[in-house]
Amino acid sequence: MEGVDLSFANSLRRTLLAEVPTMAIDLVEVQANTSSLADEFIAHRLGLIPLNSKNVDDVSYTRDCEYCEQYCEHCSVTLDLHARCTGDEIMKVYARDLVVSEPRPNEWVGMPVITDSLGLGSVICKLRKDQEIRMKCIAKKGIAKEHAKWAPTSAVGFEYDPHNKLKHLDYWYEEDPAKEWPKSNNAAWEDAPQDGEPFDFSANPGKFYFDVESIGNLEPDAVVLQGIKVLQQKLALVIQELSGDDRNGDADGFGAPRSPDGMQAGGDYGLNQGYTTPFGDTGGQTMYGGGTTPFGATPYGQSGWQ
């Protein structure tokens, strides 16, 4: 990435990690479980199974869905899991045993991501003879800021100035820093410093290198593109708020991912966020009214600031 400053590049890195929307199992309705694992344990494992999130914009957030209050075909994908061991050998239940129910927002979202050569996927649990599990799983759209199961990446490598020309790093070494701190592969993209080259005190980093490792629910390039889109939406929302343009009617007019809504009016959080206290929009007053202290007049005999 070029043509931006360090803060902007780091904002994109944080967006890739925490604010790119994906699909993950969020609700589990247990109909039968005679395995040795508790219901909550299996539900937790199910939530960590990567699900295909291609074209996830076709899926609505449940909190924004106009058709339901909990889940429906517009804001979720239903997966059924039913396995029973009838033999004497221990039976493993895999992600491939999750069956996606129709209808769903598009043909991709909600499918378990299976990348191993045998086509089995992640192990969910093990069953002995006559043990059974039967569950209904509801996958929803979310972001990693709400829960790590919605994370699109396992890691995002971020580097700039691979030759350390800017001296932002002070390497600890025993004998030779060049041997003890080998250069990264990104060093090949920039010219190495020359011996005796004067230090430029006004220099700033100009190139930033990202290594995006997806967990499989989205391709790495799709994660980056979606991250840029989310960042654009958030910046547009800031511009909208600063300009006082409320034509969209609410603070979520650009559809950027957000955490659950705050408390509503009535002396609680959610009133004109950023400009009031938790006690409401009191026009600069304290919770006790006027400009007084909790005990009425100030020690100097005035009831407020003059």
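**Exercise 1. Which residue stands opposite Ile25 in E6?**

Solution. The structure is a predicted model, in which local features need pLDDT of at least 70 and side-chain atom pairs count only at pLDDT 80 or more, while totals for chains, interfaces and linings use all residues. Residues are numbered from 1 along each chain as its sequence is written, and side-chain values use heavy atoms, with hydrogens and water left out.

Step 1. Helices (H or I, at least four residues) and strands (E, at least two) are DSSP runs numbered from the N terminus. Strands E1 and E6 pair in the antiparallel sense over 10 bridges; pairing requires that DSSP finds at least two bridges between two strands.

Step 2. Ala139 is the residue of E6 that stands opposite Ile25.

Step 3. The open sheet has four strands in the order E1-E6-E2-E4, with antiparallel pairing. E1 and strand E4 (99-100) are its edge strands, each pairing on one side only.

**Exercise 2. Determine how Ala24 and Gly47 are placed.**

Solution. Step 1. Ala24 belongs to strand E1, and Gly47 to helix H2. H2 lies across E1, E2 and E6 and runs at about 150° to E1; axes are lines fitted to C-alpha atoms, for helices over the stretch in contact, and angles run from 0 to 180 degrees between N-to-C directions.

Step 1. Buried means under 20% relative accessible area, exposed over 50%, and partly exposed in between, with a 1.4 Å probe and protein chains only. Ala24 has 1% relative accessibility and therefore counts as buried; Gly47, at 5%, is therefore buried too.

Step 2. Contact denotes heavy atoms within 4.5 Å. Leaving aside neighbours within four places in sequence, the contacts of Ala24 include Gly47, Leu51 and Trp150. With the corresponding exclusion of residues up to four places away, Gly47 touches Ala24, Ile25 and Lys149.

**Exercise 3. Describe the setting of Ser76.**

Solution. Step 1. Ser76 is located in strand E2. Its relative accessible area is 2%, so Ser76 is buried.

Step 1. The side chain of Ser76 reaches the backbone oxygen of Cys72 at 2.6 Å.

Step 2. Not counting residues up to four places away in sequence, Ser76 touches Val59, Tyr71, Pro105, Ile138, Ala139 and Lys140.

**Exercise 4. Identify the central members of the largest nonpolar core.**

Solution. Step 1. A nonpolar core is a set of buried Ala, Val, Leu, Ile, Met, Phe, Trp, Tyr and Cys residues joined through side-chain atoms within 4.5 Å. The largest has 25 residues, of which Leu46, Leu79 and Leu98 touch the most other members.

Step 1. Elements giving two or more residues to this core are strand E1 (22-33), helix H2 (39-47), strand E2 (76-84), strand E5 (123-127) and strand E6 (132-142).

Step 2. Beyond its neighbours within four places in sequence, Leu46 is in contact with Ile25, Val28, Leu81, Leu98, Ile124, Met135 and Cys137. Apart from this core lies another, of eight residues, among them Leu16, Val212, Val223 and Leu231.

Notes: Polar contact = N/O pair within 3.5 Å; in protein donor to acceptor, adjacent residues only side chain to side chain.
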